[in-house]
Amino acid sequence: MPKFVIQGGKTLKGRVAVGGAKNHALKLLAASILFDSPVELTNVPQIEDVFRMSELLEKLGAKVKKASNHTLTVDPRGIKKSELDREITKRFRASVVAIGPLLGRFGKAALAHPGGCVIGERPIDIFIEGLTALGATFKEKDETYFFEAKKLTGADFTFRVPSVTATETLMLAAVAADGKTVLRNAASEPEIPALAEFLNNAGAKIAGAGTATIEITGLGRDAKLMASAPFEVIPDRIEAGSLAILGALMASELTIEKCNPEHLGSLLEHLKTAGASVKTGPDWLRVKRTKKINPVNIKTREYPGFPTDLQAPFCILLTQANGRSEIFETIFDNRLEYLKDIERMGADITFCDPHRAIIAGPAALRGRVMESPDLRAGLAFIIAALVAEGESEIHNVYQIDRGYETIEDKLARLGAKIKRIRE
Ligand code: EPZ
């Protein structure tokens, strides 16, 4: 199993380009099930979750081909099956999104409970509520969920909680429903309007994606989406944001290219409050560290609030702030566990309850051997190791490779001492 070996304490400098967004690419791949033509996607990150989604589609009968380094073509016309491969589904949460288009087009979909990051309870009750509102029946047998619908019918549905993947799944199902669907209290993360744009380019009729109310005029079960041109995955805002946090900690100057700073408003305001110098252009941002980092309270929120996926990297910054910062993780139930490892590195952390912690800084971090618990906390461990004195080892690198393409090369080019060791 590979591991990262990192020597901390090096000042970073330079330019780094951000890859395509994992959480956009995965949904575009799932959406390809609705198409009647091959789909070409560009700026697709070469990461483990994309490989898993490609395998999932292939198991259904699609053909997935890597046309060049970051271009994938998917030909969904051979899809015959409607049950998702059990083992693959258990490896990443986004697999669940495929049930929307499968149900819409084939009248049935089945899956095991989707896996992914261990960050608290991740039920699928909202998916069940939404799909049954569109006319599907649901049953659970032998640890498998079965959805069926002779046809889906448009409905007016309000999310109890604005779930990102449930919004995407219902949007995809509604494209193949009869009549109009209105999704209220929908999630509005940037990957959602970018998914709608992909579908609309191919003939779907979706309005309001990116706001809390999405209206979909269904094309019916025989919806035939046709891709007219290659479609580009949007930049990964979580990769960009994590690099910006790293810049605020360690860089004399770090320019992050091929990103969209508009998607990072809340983070950038928090970084400025922390004292970092932040400049932005249309597709780049530049961050410089400050000598004295100010403490900042963070409360994670749905977009455009502070993203839960940046909570872990930001907490590493807060270990170096001069004073006390309060962390309030409101989205997931178990997303502060990784802080126990950061505490063992020397950080001063008070755990208040599963959602809240207080970080008192600045604390000198010491290198350690750690196990990456999930994808975003894994990158936070890398950042902590780069800040720490001495050497750290990070194991369970698969979790990091799920979402970041050769992150060690990007960081090494900025001056970081990081190596992937294959044991
Ligand atoms: C998406 O997860 C992202 N994953 C997550 O990124 C991200 O952290 C999260 O949105 C929040 O932004 C993908 O897009 C693949 P939710 P998702 O449903 O859709 C509760 C990463 O590292 N809920 O919006 O699974 C849920 O428990 C990952 O890339 C239900 O109660 O998150 C949570 O408290 C980690 N019932 C809240 O909703 C349901 O049926 C919001 O979660 C569904 C969700």
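Tutor: The second largest pocket holds about 330 Å³ of space. A pocket here is an open set of points, on a 1 Å grid over the protein atoms alone, where a 1.4 Å probe fits and protein lies on both sides within 12 Å along at least five of seven lines; lining residues have an atom within 4 Å of a point. Grid points are joined across faces, edges and corners, and the volume is the space filled by probe spheres set on them. The model is predicted: local features need pLDDT of at least 70 and side-chain atom pairs pLDDT 80 or more, whereas totals for chains, interfaces and linings use all residues. Residues are numbered from 1 along each chain as its sequence is written, and side-chain values use heavy atoms, without hydrogens and water.

Around this second largest pocket stand 19 lining residues, with Val18, Gly19, Gly20, Asn43 and Lys258 nearest its centre. Helix α14 (residues 407-413) gives the largest share, 3 residues; helices are DSSP runs of H or I with at least four residues, numbered from the N terminus. By class, 7 lining residues are nonpolar, 5 polar and 7 charged, where Ala, Val, Leu, Ile, Met, Phe, Trp, Tyr, Cys and Pro count as nonpolar, Asp, Glu, Lys and Arg as charged, and the others, Gly among them, as polar. Domain 1 (2-19 + 235-422) and domain 2 (22-232) each supply at least three of the lining residues, the bounds coming from an automatic or database domain assignment.

The largest pocket, with about 950 Å³ of space, likewise draws at least three lining residues from each of these domains. Its lining comprises 40 residues, and α1 contributes the largest share, 4 residues.

Terms used:
Helices (H or I, at least four residues) and strands (E, at least two) are DSSP runs, numbered from the N terminus.
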